[in-house]
Amino acid sequence: MMSRRLGCIADDYTGATDLCSMLVRAGRRVIQCFGVPDPDQRIDLQDADAVVVALKSRSIAADKAVKQSLDALHFLQSWGADRFFYKYCSTFDSTNQGNIGPVADALAAELGVEQLFFCPAFPENGRTVHCGHLFVNGVLLSESGMRDHPLNPMTDSNLVRVLQAQTACPAGWLSTHARREPASASRIVVDAITDDDLQSAASLASEHLLLTGGSAIARYWAEAIGIRRSGRWDAGAMNASDRVAFNGTDRGATSDNCVVLAGSCSDATRIQVAEFEKTHPAWHLNVADQASPDLIAEETLRWCEEQWSQSNQPLLISSAANPEVVAAARARWGEWEAASRTESIFASVASGLAERGIRRLIVAGGETSGTVVGALKIPAVRIGYEIAPGVPWVTSTGSPSISLALKSGNFGGPRFFFDALETSP
Ligand SMILES: Nc1ncnc2c1ncn2[C@@H]1O[C@H](COP(=O)(O)OP(=O)(O)OP(=O)(O)O)[C@@H](O)[C@H]1O
Ligand SMILES: O=C(O)[C@@H](O)C(=O)CO
């Protein structure tokens, strides 16, 4: 079989990292780019079997999401990709108008594809699809926490209906058990309850040029279509010059230091924060405070320096340890301003930590991860060891390199931060 290269477009940063980790499981060398790279960034993609372009297009206006996704497609074609995957959330998050339908339609039109599968199921993380309906840990999507999502509340579990509202093409669903495709539909939601179902779906799609879904199907599809397999990179190792720069700091940090930045408001992250602060120093940001984000960040960095002067324990900085602190910030600033202030604080803290020599960060939350990666001006990362399903350690390309664990809010068990430390580069 011809050796193929896979080009992927993901609609958020942690979702992209989730996808990368599944492709690494399948023995591929994967690079994740944050945004569509500029030619002058000169990211070396030659050794990669798959390239994932991470966008932040999940909740923006549909026309913008379409444009960014097509730009990403053209970039991936210029790299040499000959199969394409569009990754969205395993909970099918979208606004009423999109963006899953419009982006999928635009990519299909550009590639001349008529029939398209939609396969969000991620059984390992509790997301299953039965008769076109999505369940989260056995509960209908519309009755899960996603019902109250601040940006994209998901109040209908029937994905055929959700998708049909976003596309002019006829939508239907397919059970791989029946191996029967809906006769008139060209936009097809695929049932999957187990990984075996995903494997069957991947093999049904083995001739497809474009597939859409969550991360779990991508691993099997890469096998089914014969994507090049060059084996894993040791993507976690820090090189000697980075260590020298790292230890050269005069502000207390040492090469053992690692900081957790938790900006996610999800239940899973709250449990992880509570577990970690039982044994580690923790700093809770007061976003409701009237001080400027820069001042709050400076105060936070001073606290880190104090901690490092006493011990080299990993530190935790959290903004949303409980719903009350988020409510207080929103009451003071309004929802949008409160989120934007939180992100500014995390951006300044992340830059400040990097200036102080920190080279390992664990970040919780998709938006928060996007903010941190943007503040550190990281264009691309290589994918390393998988800490929990869908969350690998990644290491920035270029020098000095920095290692990051970018976690979707709801991913990982209660001891995720400990697991990340134990497996860190
Ligand atoms: N105390 C706070 N007050 C107001 N907004 C906050 C506060 N803490 C965090 N936020 C904001 O809430 C949002 C959380 O989104 P983020 O994507 O980081 O996490 P998530 O939605 O749980 O994760 P994911 O998108 O991966 O599922 C961010 O915009 C963050 O800045
Ligand atoms: O598919 C998922 O659940 C995640 O990769 C994600 O996109 C969470 O925002």
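Helices (H or I, at least four residues) and strands (E, at least two) are DSSP runs, numbered from the N terminus. This is a predicted model, in which local features need pLDDT of at least 70 and side-chain atom pairs count only at pLDDT 80 or more, while totals for chains, interfaces and linings use all residues. Residues are numbered from 1 along each chain as its sequence is written, and chains are lettered from A and ligands numbered from 1 in the order in which they are written.

View 1. Helix α1 (residues 13-25) gives the largest share of the shell, 3 residues, and of the 13 residues around the ligand, Gly 15, Asp 18, Cys 89, Ser 90 and Ser 408 come nearest (near: C-beta atom, placed from the backbone, within 6 Å). Ligand 2 lies between domain 1 (6-225) and domain 2 (240-422), because both give residues to its shell; the domain bounds come from an automatic or database domain assignment.

**View 2. The open sheet β6-β7-β8.** The 3 strands follow this order with antiparallel pairing, two strands being paired if DSSP finds at least two bridges between them. β6 (127-130) and β8 (139-140) each have a single partner strand and stand at the edges, so one side of each is left without a neighbour in the sheet. Strand β7 (residues 133-136) is joined to β8 by 2 bridges, and Phe 135 stands opposite Leu 140 in β8.
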